Amino acid sequence: MIVAANWKMNPALAAAGVLARALATQAFPHIQRILFAPHPYLVPMSVRLSDGDVRLGGQDCHSADSGAFTGDVSASMLRDCGASTVLLGHSERRAAHGETSHIVAKKAAAAIGQGLDIMICVGETKAERDDGKAEQVVIDQLRVSLPAQVPASKISVAYEPVWAIGTGAVAAPDDIAVMHAVIADVLEERFGAEAVPPILYGGSVNAENASAIFAVPKVRGALVGGASLDADAFARICSAASRRAESGIAER
Ligand code: PGA
C-alpha cells in the first residue's frame with residue numbers, strides 16, 4: 001500500500017515544515033508514504049524528512065535534461081534536490097498546461113532515465129463518464145502515457161476521476177473497482193500478471209472514507225490532495241492503509 005500526499009501549490013513554507021516534521025516523526029507499518037512537494041520546497045523538505053521513512057517526490061518534470069525551458073524543472077534537478085520519485089500527468093497539468101499523454105510518456109522516460117520512480121495519473125472527466133467513455137479514456141491515457149522499456153518496479157498508477165478531485169464527490173466503490181480492474185488488465189498486458197504495478201485511487205480521499213476505499217479490490221493506496229494538508233487527517237488515512245495492508249498480509 002502506498003499513501004501519497006499531493007500538496008499541489010500549497011501551503012506556505014512555515015506550515016510545510018510543520019507538516020513534514022509530523023510526517024517524519026510518525027511511523028505506519030507495511031505502507032510506503034510519499035510527499036509530492038512544490039519544487040522550491042524539495043530541499044527544505046528533504047532536510048525535514050531525513051530521519052523518517054517518507055519518500056520525497058516532485059509534482060512534474062520536463063522531458064529534457066537541461067536547456068532553454070524557462071520555468072521548467074528537469075528530472076535530474078528533482079533528484080539532486082532529494083526527490084526519488086515524480087508525479088506525472090496529473091489532470092490539473094493535463095487541463096491547465098495542455099499536457100497530452102504523449103508528453104507524459106516523454107517525461108516518464110526522462111524521469112526513469114534519471115533513476116526516479118514515476119506515478120502516472122489517469123482519469124476521466126464528468127462529461128466523458130456521462131457519455132459512457134470513461135473506461136476507454138483511461139485505457140488510452142494509460143497505454144500512451146507509459147513509455148516503452150519502463151520497468152514495472154519503477155511505476156505506480158493513480159486513478160483519479162477528474163470530477164472527484166477537490167469536490168468531495170468521491171467515486172462509488174463499485175466504480176472504483178471496475179476502473180481498477182480495467183487498469184490492472186492494461187498493466188498485466190504490458191508487464192505480465194506477476195508484475196502489475198500498484199494502482200492507487202485519488203479524488204476526495206479523506207479520513208472518513210479511506211477505509212472503505214482501501215477495501216475495494218485492487219486498490220493499493222491513495223493519492224491525497226486536500227486532506228494531506230491536515231496532519232491529523234493524513235495520519236488517519238495512513239493508519240487505515242496500514243490496517244488494510246496488515247489484513248492483506250494475514251489473508252495470504
Ligand atoms: P483531492 O486531490 O484529494 O483534494 O481531491 C487529489 C489529487 O488531485 O491528487
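Biologist: Is Ser91 buried or exposed in this model?
Modeller: Ser91 is buried, because its relative accessible area is 15%, and the cut-off for buried is under 20%. Please keep in mind throughout that this is a predicted model.

Biologist: Which element holds Ser91, and what does Ser91 touch?
Modeller: Ser91 is found in helix H4, which covers residues 91-96. Once its neighbours within four places in sequence are left aside, Ser91 is in contact with Val162 and Ile165.

Biologist: Let's go to Ala110. Where is Ala110 found, and is Ala110 buried or exposed?
Modeller: Ala110 is found in helix H5, residues 101-113, and with a relative accessible area of 17% Ala110 is buried.

Biologist: What does Ala110 touch?
Modeller: Not counting residues up to four places away in sequence, Ala110 touches His62, Ser63 and Ala75. The C-alpha atoms of Ala110 and Asp65 are separated by 7.4 Å, although these two residues are 45 apart along the chain.

Biologist: Stepping back, how many helices and strands are there in the protein chain?
Modeller: The protein chain has ten helices and eight strands.

Biologist: Why would you say the radius of gyration agrees with a compact globule?
Modeller: A compact globule with 252 residues would have a radius of gyration near 18 Å, and the protein chain has 17 Å, so the two agree. As for overall extent, the C-alpha atoms fill a box of roughly 40 × 40 × 35 Å along the principal axes.

Biologist: What share of the residues counts as buried, and what share of the contacts joins residues at least 24 apart?
Modeller: Of the 252 residues, 52% count as buried. Among contacts between residues at least 6 apart in sequence, 71% join residues at least 24 apart.

Biologist: What about the surface and the charges?
Modeller: The accessible surface of the protein chain comes to about 11000 Å², and 54% of that belongs to carbon and sulfur atoms. On the charge side, there are 22 positive and 27 negative side chains, with the centres of the two sets lying 4 Å apart.

Biologist: Now the inside. Which residues touch the most other members of the largest nonpolar core?
Modeller: That core has 74 residues, and the ones touching the most other members are Trp7, Leu35, Ile118, Ile183 and Phe214.

Biologist: Take Ile183, then; what does Ile183 touch?
Modeller: With residues up to four places away in sequence not counted, Ile183 touches Val122, Val138, Leu142, Val157, Tyr159 and Ile199. There is also a second, separate core of ten residues, including Phe36, Leu87, Cys121 and Leu223.

Biologist: Where does Ser156 sit, and is Ser156 buried or exposed?
Modeller: Ser156 has its place in strand S6, residues 155-159, and at 7% relative accessibility Ser156 counts as buried. Leaving aside its neighbours within four places in sequence, Ser156 is in contact with Ile2, Ile118, Met119, Ile120, Pro198 and Leu200.

Biologist: I'd also like to check the backbone. Which peptide bond is cis, with omega near -20°?
Modeller: The bond from Asn10 to Pro11 is cis, with omega near -20°, and Pro11 has its place in the loop between strand S1 (2-6) and helix H1 (13-25).

Biologist: What is phi for Gln149 and for Ser204?
Modeller: Phi of Gln149 is near 60°, a positive value in a residue other than glycine, and Ser204, which is not a glycine either, has a positive phi of about 60°.

Biologist: Where are those two, and are they buried or exposed?
Modeller: Gln149 is placed in the loop between helix H7 (134-145) and S6, and at 76% relative accessibility Gln149 counts as exposed. Ser204 is found in the loop between strand S7 (199-202) and helix H9 (210-214), but at 17% relative accessibility Ser204 counts as buried.

Biologist: Last one: where is Glu208, and how far apart are Glu208 and Ile237?
Modeller: Glu208 is found in the loop between S7 and H9 and is exposed, with a relative accessible area of 61%. From C-alpha to C-alpha, Glu208 and Ile237 are 8.2 Å apart in space, and they are 29 residues apart in sequence.

Definitions and conventions. Residues are numbered from 1 along each chain as its sequence is written. This is a predicted model: local features need pLDDT of at least 70, side-chain atom pairs count only at pLDDT 80 or more; totals for chains, interfaces and linings use all residues. Side-chain values use heavy atoms; hydrogens and water are left out. A nonpolar core is a set of buried Ala, Val, Leu, Ile, Met, Phe, Trp, Tyr and Cys residues joined through side-chain atoms within 4.5 Å. Buried means under 20% relative accessible area, exposed over 50%, partly exposed in between (1.4 Å probe, protein chains only). Contact means heavy atoms within 4.5 Å. Helices (H or I, at least four residues) and strands (E, at least two) are DSSP runs, numbered from the N terminus. The radius of gyration is taken over C-alpha atoms; the globule rule is 2.2 Å times the number of residues to the power 0.38. Accessible areas come from the Shrake-Rupley method with a 1.4 Å probe; for residues, only the protein chains shown count as cover. Lys and Arg count as positive and Asp and Glu as negative; His and the chain ends are not counted. The place of a charge is taken as NZ of Lys, CZ of Arg, CG of Asp or CD of Glu.
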